[in-house]
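My entries follow in the order of looking.

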Amino acid sequence: MIKVESKVVYITGGTKGIGKGIAEALLKVGYKVAISGRSLEDAQQVARELGTSNQIIGVASNVTQYTDEVDAVANIVAHFGRLDVVIANAGVGIFASIEDLSLEDWNAMIDTNLTGAFHTLKASIPQLKQNKGYYISVASLAGINFFATASGYNASKFGVVGFTQAAMLDLREYDIKVTTILPGSVASNFNNHTPSEKDSWKIQPEDIGELVVDLLKMNPRSLPSKIEIRPSKTS
């Protein structure tokens with residue numbers, strides 16, 4: 001069995017919020033980590049804050065562009081020599097009535113949240129097959145519960161859930177594990193929110209990080225394919 005210290009994790013949207021919380025949790029237990037963001041400068045700055053270059057690197061990628069994800073995977077493998085775990089976390093939320101939701105807003109959510117998750121997995125399949133790896137998508141409880149002003153966001157996250165669950169059935173024959181995580185309210189920077197003490201009742205990014213660490217510890221014979229996580233209280 002490959003030791004944790006030799007395994008490499010790629011997290012999209014890893015410069016803040018849930019992605020950063022996952023990166024911090026994985027670094028603490030010994031994984032090597034690559035985080036991506038649209039800005040190479042931002043990704044590299046956050047990486048420097050979290051660890052040294054032999055532990056974590058920042059790479060640039062716009063997940064809406066398949067070639068960006070292909071390049072990101074290649075850069076990670078060139079630096080660390082392998083890729084074992086891929087976490088599709090990059091996402092955007094724009095909330096408005098269907099009457100007011102623009103074409104640009106709709107496309108931004110579908111292209112980033114859904115097509116981006118596809119690009120990330122598609123680009124990493126060769127490495128995941130080679131290393132009997134793990135793919136995790138970060139969806140949302142909005143991927144199984146619809147609500148007003150969320151037609152575009154619901155569509156994208158329902159799609160992520162369906163996509164990930166179907167991919168799990170496709171890839172299990174290669175010993176690739178696939179899970180989708182569906183968080184409820186998280187104290188993160190999502191949708192331009194700045195977390196504060198008022199968000200203390202919400203799931204914290206480090207909680208999702210702990211969940212990912214626990215998933216990676218599980219015996220390969222067991223697969224939690226879909227996980228719902230919500231705050232214990234409503235406020």
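Entry on Phe147. I worked from a predicted model. I looked up where Phe147 sits, and found it in the loop that runs between β5 (134-138) and α5 (151-171).

Entry on the patch. Phe147 belongs to a nonpolar patch on the surface, together with Phe95 and Phe190. I noted about 250 Å² of accessible area for the three together.

Entry on the second largest pocket. I noted about 710 Å³ of space in this pocket. I listed 27 lining residues, and those closest to the centre are Lys7, Lys132, Lys177, Met218 and Pro220. Which helix gives the most to this lining? I found that α6 (residues 205-217) does, with four residues. By class I recorded 14 nonpolar, three polar and 10 charged residues in the lining.

Entry on cavities. I looked for cavities of 30 Å³ or more and found one. The largest cavity holds about 70 Å³ of space. Its lining has 14 residues, and Ala88, Asn89, Ala90, Asn113 and Ala117 lie nearest the centre. Elements that give two or more residues to this lining are α4 (103-131), β5 and α5. The most comes from α4, with five residues. I recorded the classes of the cavity lining as six nonpolar, seven polar and one charged.

Notes
Residues numbered from 1 in each chain as written. Predicted model: local features only at pLDDT ≥ 70, side-chain atom pairs only at ≥ 80, totals over all residues. Heavy atoms only, no water. Patch = residues over 30% accessible without salt bridge, like charges linked within 9 Å, V, L, I, M, F, W, Y side chains within 5 Å. Areas by Shrake-Rupley, 256 points an atom, 1.4 Å probe, with all protein chains shown as cover. Salt bridge = Lys/Arg side-chain N within 4 Å of Asp/Glu carboxyl O. 1 Å grid on protein atoms, 1.4 Å probe; cavity = no way out; pocket = protein on both sides within 12 Å on 5 of 7 lines; lining within 4 Å. Points joined across faces, edges and corners; volume = space filled by probe spheres on them. Nonpolar A, V, L, I, M, F, W, Y, C, P; charged D, E, K, R; others polar.
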